[in-house]
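Okay, thanks for coming, everyone. I'll walk you through a few spots in this one, so let me put it on the screen.

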Amino acid sequence: MADRQRALERLATRIVARTGLHYYADKMDLLEMVLRRRMEACGCAEPMDYLSRLSDDAAGEAEWRALESAVTIGETFFFRYAEQFHALERTILPDLIARLRPVRTIRIWSVGCSNGAEPYSLAILMRRLLRMRGEQDWTVEILGTDISEQALERARAAEYGAWSLRDVGASERRQWFRPAACGRHWVLRDVFRRMVRFEYGNIMDLPSGRGPAGPFDLILCRNVLLYFEETQALDLMRALAGRLSPPGWLLLGHSDPIGECGGVLETVTFSGTVAFRVAGSRQGPVAPRRCVLSRSPDPRPGVPVPRPPVREHARDIVARADAGLARAEVRALADRGAVAEARACCGAALALHPLDAGLHFLSAVLAEDAGAAGEEFRRTLYLDRAHIMAHVHLARLLRDAGQVDEAERMMRQARTLLHRLPPAAPVPDGDGLTVAGLLRLVGGDGDDMAEAAPLLLARSVF
C-alpha cells in the first residue's frame with residue numbers, strides 16, 4: 001500500500017508539472033478515481049505500470065493527451081454566467097464594435113473552451129449584435145483552445161443535449177440549432193459554427209511565449225486560473241494581458257483567484273461582475289493591424305478516451321453512499337459529455353437517496369423530454385420548496401407549454417425567494433449566477449428589461 005501511495009504521489013507531481021493543475025495536489029482521492037479509469041483503459045494493474053506507460057516513447061504522448069482530457073474539468077454550457085453575458089451584450093461588445101469599425105475585424109479567444117459552448121455563445125451574440133446594427137460585412141474570428149482533445153472533438157461536432165442547453169429557451173433553441181439525427185440532441189447551425197475554430201492549447205505554454213500570439217480584442221479565460229497556484233495564476237494573467245490589443249477586454253471566472261494585475265490591466269466594475277482591460281485603453285481609436293495567430297492543423301486527430309461501462313460508475317456512487325459525492329459525480333460526468341452515464345448514475349443514486357432534492361434537480365436537467373423534466377422539477381420543489389432554480393426552470397417549461405398564468409405564478413415565487421437572500425450570494429444550483437444577477441434576468445430588481453430591445457438573456461431564462 002505504501003508503494004502504491006508513493007506511485008500515486010509521483011503521478012500527481014507529474015500531472016501538476018505538465019498541466020499546472022495544482023487543484024489536484026491535495027485531492028488524491030479525486031485524482032485516484034480519474035487515474036483508475038485511465039489505468040483500466042490501458043490495462044495497467046498498478047500505478048507504477050501506468051507511470052511506465054506515460055514514459056513510453058511510442059505510447060506515452062497519446063496517453064498523456066487522454067489523461068489531460070480526463071483530468072480537465074469540462075463544466076460549461078451555453079451563456080454560462082449570465083451577468084457577464086449581460087455585460088458583453090450591453091457594454092463590452094458594443095464598445096469593441098464602435099472602436100473596431102475602421103478595421104471591421106474582431107478577434108476573440110476562448111481559453112479552456114471545453115465543449116465549445118462558450119465560443120459558440122459568443123458567435124451567436126456577435127452575429128445578433130452586428131445584424132441589429134446593420135453591420136454584416138465584418139470579419140469575426142473566434143478561437144477556442146483546450147487541453148482536452150476529447151472536448152475539442154465534441155466542440156467541432158457542435159452537437160448538444162439538454163445539459164448544455166439548460167439556459168437556452170425553446171424558441172432560441174429552434175432558431176440557433178437544428179435537431180440532430182438521433183432526435184434527442186441539437187446541432188448548432190452552420191452560420192455560427194463557421195465563426196469559430198478550435199485548436200489544442202495548454203495555457204502553461206503562454207508565459208514562455210508559445211501558444212496563440214494575438215492580438216485579441218476579447219479574451220475569456222473563465223474558471224481556468226482557479227486550478228493554479230495564485231502566483232502562477234498571476235503570471236498567466238499577465239501573459240494573457242500581453243496578447244490583448246489596446247482596446248481589448250479580459251473576462252475571468254467569478255472563482256478565479258485574481259483581483260488586480262498591477263499596472264498591466266485596469267478593472268472595470270459591472271453590476272454583478274468585473275472585467276479587465278488594457279490600461280489606458282478607454283480613449284482613442286484603434287489602429288489598423290494584422291492578426292498573428294499560431295495555427296495548427298484543424299481538426300487535429302483526436303485521441304479516443306475509452307469510458308468504463310455505465311454500471312461501473314453507478315456502482316461507485318452507490319458504494320460511496322453519500323448524496324453530495326453522488327451529485328458531484330453526476331455533474332462531472334455530464335460536464336464531460338457522458339450524459340447517458342450521468343443519467344444512469346443519477347438514477348442509481350436516487351434509488352439510494354430518494355429524498356435528495358439536489359439529485360432530483362439534476363435528474364430534471366438531464367431529462368430527455370419536457371414531461372419527465374417537469375415531473376422531476378416538481379419532485380424537487382416538493383422536497384425543497386425554496387429551490388429557486390427549480391422554480392425558474394419549471395416556469396420556463398410551463399411557459400413553453402402555453403401555461404402562462406401558472407408559469408408567472410412560479411416565477412413570482414422564485415422572485416420572492418430571491419428577495420430574501422443577499423444580492424451577492426450565489427444561487428444554489430445556479431452555476432455561478434448570483435441573486436442580483438438572476439433578479440435582473442427575471443425582472444425582479446426594477447430594471448426596465450425592455451430598454452435593451454429585447455435582451456437575449458431575459459428571453460433565455462424566462
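So, where is the place of Leu 355? Leu 355 sits in the loop between α13 (339-352) and α14 (357-366); helices here are DSSP runs of H or I, at least four residues, numbered from the N terminus. Before I go on: this is a predicted model, where local features need pLDDT of at least 70 and side-chain atom pairs count only at pLDDT 80 or more, while totals for chains, interfaces and linings use all residues. Residues are numbered from 1 along each chain as its sequence is written, and side-chain values use heavy atoms, with hydrogens and water left out.

Back to Leu 355: its relative accessible area is 69%, so it counts as exposed. The cut-offs are under 20% for buried, over 50% for exposed, and partly exposed in between, with a 1.4 Å probe and protein chains only.

Now Ala 332, which is in helix α12 (residues 323-335). Ala 332 is partly exposed because its relative accessibility is 26%. Its C-alpha atom is 8.1 Å from that of Ala 342, 10 residues apart along the chain.

Next, the inside. A nonpolar core is a set of buried Ala, Val, Leu, Ile, Met, Phe, Trp, Tyr and Cys residues joined through side-chain atoms within 4.5 Å. The largest one has 47 residues, and among those touching the most other members are Phe 78, Met 126 and Leu 218. Helix α6 (residues 117-132) gives the largest share of this core, 9 residues. There's also a second, separate core of 43 residues, including Ala 326 and Leu 441.

How values were computed:
Helices (H or I, at least four residues) and strands (E, at least two) are DSSP runs, numbered from the N terminus.
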